[in-house]
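Subject: Structure for your files

Hello,

The structure I promised is below. My notes on it follow.

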Amino acid sequence: MVITIYYTSITATSALESHQSRIINCLVSLNIHYELIDLSTGQGLLDEMRQKVGDPKAMAPQIFNGDQYCGGFEDFEKAVEEKKIKEFFKLETCQNQSQKD
């Protein structure tokens with residue numbers, strides 16, 4: 001599975017840019033493969049993200065592992081503080097599923 005991050009390259013605040021960078025830097029430091037989907041590049045991407053999240057008001061960044069929703073930035077930060085980052089990215093679940101196959 002690949003981690004997918006819905007983000008935006010056009011940020012209204014430095015906080016949003018910082019949040020997105022923090023997530024990406026974490027993935028890079030853990031050597032986790034990821035893909036970025038820039039909401040500012042296409043019509044309908046924001047609606048697609050919100051539909052997947054199940055929240056019509058969801059904002060970037062939002063994180064998925066395959067089809068599994070991981071959470072947004074606040075969820076990510078909580079996982080970092082609790083040292084549960086692999087669980088947040090649902091890496092343990094994927095690894096266990098791979099071992100069963």
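I start with isoleucine 63, which is in contact (heavy atoms within 4.5 Å) with Ile3, Thr4, Ile5, Ile23, Gln68, Tyr69, Cys70, Gly71, Gly72, Phe76, Phe88 and Phe89, leaving aside its neighbours within four places in sequence. A nonpolar core here is a set of buried Ala, Val, Leu, Ile, Met, Phe, Trp, Tyr and Cys residues joined through side-chain atoms within 4.5 Å. Buried means under 20% relative accessible area, exposed over 50%, and partly exposed in between, with a 1.4 Å probe and protein chains only.

This is a predicted model, in which local features need pLDDT of at least 70 and side-chain atom pairs count only at pLDDT 80 or more, while totals for chains, interfaces and linings use all residues. Residues are numbered from 1 along each chain as its sequence is written, and side-chain values use heavy atoms, with hydrogens and water left out.

The largest nonpolar core has 16 residues, of which Ile5, Ile63, Phe76, Phe88 and Phe89 touch the most other members. Strand E1 (3-7), helix H1 (14-29), helix H3 (73-81) and helix H4 (85-88) each supply at least two residues of this core. H1 gives the largest share, four residues.

Overall, the protein has five helices and four strands, in the order β-α-β-α-β-β-α-α-α from the N terminus. Both are DSSP runs numbered from the N terminus: helices are H or I with at least four residues, strands E with at least two. The C-alpha trace spans about 40 × 25 × 20 Å along its principal axes. Buried residues make up 38% of the 101 residues. Among contacts between residues at least 6 apart in sequence, 58% join residues at least 24 apart.

Most residues other than glycine have a negative phi, and most peptide bonds are trans.

- Alanine 60 and proline 61 are joined by a cis peptide bond, with omega about 0°; proline 61 lies in the loop between helix H2 (45-53) and strand E3 (62-65).
- Asparagine 31, in the loop between H1 and strand E2 (34-38), has a positive phi near 55°. Asparagine 31 is exposed, at a relative accessible area of 66%.
- Lysine 90, in the loop between H4 and helix H5 (91-100), has a positive phi near 60°. Lysine 90 counts as partly exposed, at 22% relative accessibility.

Regards
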